[in-house]
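My entries follow the display.

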Amino acid sequence: MAGDTSVPEGVPRVQRETQRFGTIVVVGGGCYGSYYVRQLARAERADALAWTAVVVVDRDARCAVATLPPAERPSGLTMVAAEWSTYFGEYLGHAASDPATHERDAIVPSPLMPHLMADWLADRARARRPDRRVSTQPLAQPPVVPWQRAGEDGTHYVSFAEWMCPINCIEPARCPHTKGERTWSLPPALASYAASEREAGRPLEGPYVFHCAHRAYGVGMLDVRDILAADRAIAARDGAGDRVSFLVGTASHCHGAVRRILVE
């Protein structure tokens, strides 16, 4: 989901319109987070990306981002020393109350983070419906993908790759491993999976998939507006009184984590 898209010195670059964001939240300030922060700084210097603020969230105030020299820091950079779940509980809660202000916000996920967005959506459902049971359940039927594994917390990890991908892969149209066209993408594959579950008589709402798409200079992001839209959609259904399952996923084209949230 990430990669260095720079070109050698002196080689002309195709000019594209600057992508503009509000707040960009980077999950973690260690080896991955510090790489993404340095790449954001490079993208800013190239006028590829612009933003109002960059926030790095890490429980260690002395993480790698904190030691970056000024030349490797993007503008508007701040750090928040907090647990990820605590931070997103507050940040996304504020965003849900004022979605227009956060319309252009984005999240740079960590490859090693838990399914934070699904956690937040489940917590929101619990807060709205204290009289109902909200739980994470295993998928009734696994999706058809080349690689998958069920986690202990009910999260199902899926991938179209049966090989080890480099962490800096941007998932281009031509796969660097196979050397052929990348014919797969998890967001539409998960939509087809949810449809097949409904056709098989296993009702499943969604999917609500937050696509980690490459934006520039090897940085992949989730759009906060998609997470808020999922929260609104779940809220419209979780108070109906019937038993309802929601499929929630965070996925790039090649890799993802999905979870079935059950409200009963």
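Basis. I worked from a predicted model in which local features need pLDDT of at least 70 and side-chain atom pairs count only at pLDDT 80 or more, while totals for chains, interfaces and linings use all residues. Residues are numbered from 1 along each chain as its sequence is written, and side-chain values use heavy atoms, with hydrogens and water left out.

Cores. I took a nonpolar core as a set of buried Ala, Val, Leu, Ile, Met, Phe, Trp, Tyr and Cys residues joined through side-chain atoms within 4.5 Å; buried is under 20% relative accessible area (1.4 Å probe, protein chains only). The largest such core holds 34 residues, and Phe210 is among those with the most contacts inside it. Elements (DSSP runs: helices H or I, at least four residues; strands E, at least two; numbered from the N terminus) that each supply at least two residues include α2 (84-97), α3 (116-128) and β10 (205-211). α3 gives the most, 7 residues. A second, separate core of 22 residues includes Tyr36 and Tyr217.

Phe210. Beyond neighbours within four places in sequence, I found Phe210 in contact (heavy atoms within 4.5 Å) with Met117, Leu121 and Val248, among others.

β4. I found 6 of its 6 residues buried. Ala53, Val55 and Val57 point one way, and Val54, Val56 and Asp58 the other. In a regular strand the side chains alternate between the two faces of the sheet. Pairing requires at least two DSSP bridges between strands. β2 and β4 run parallel, joined by 5 bridges, with Ile24 opposite Val54. β4 also pairs with β5 (residues 77-81) in the parallel sense over 5 bridges, and Val56 stands opposite Met79.

Methods. Buried means under 20% relative accessible area, exposed over 50%, partly exposed in between (1.4 Å probe, protein chains only).
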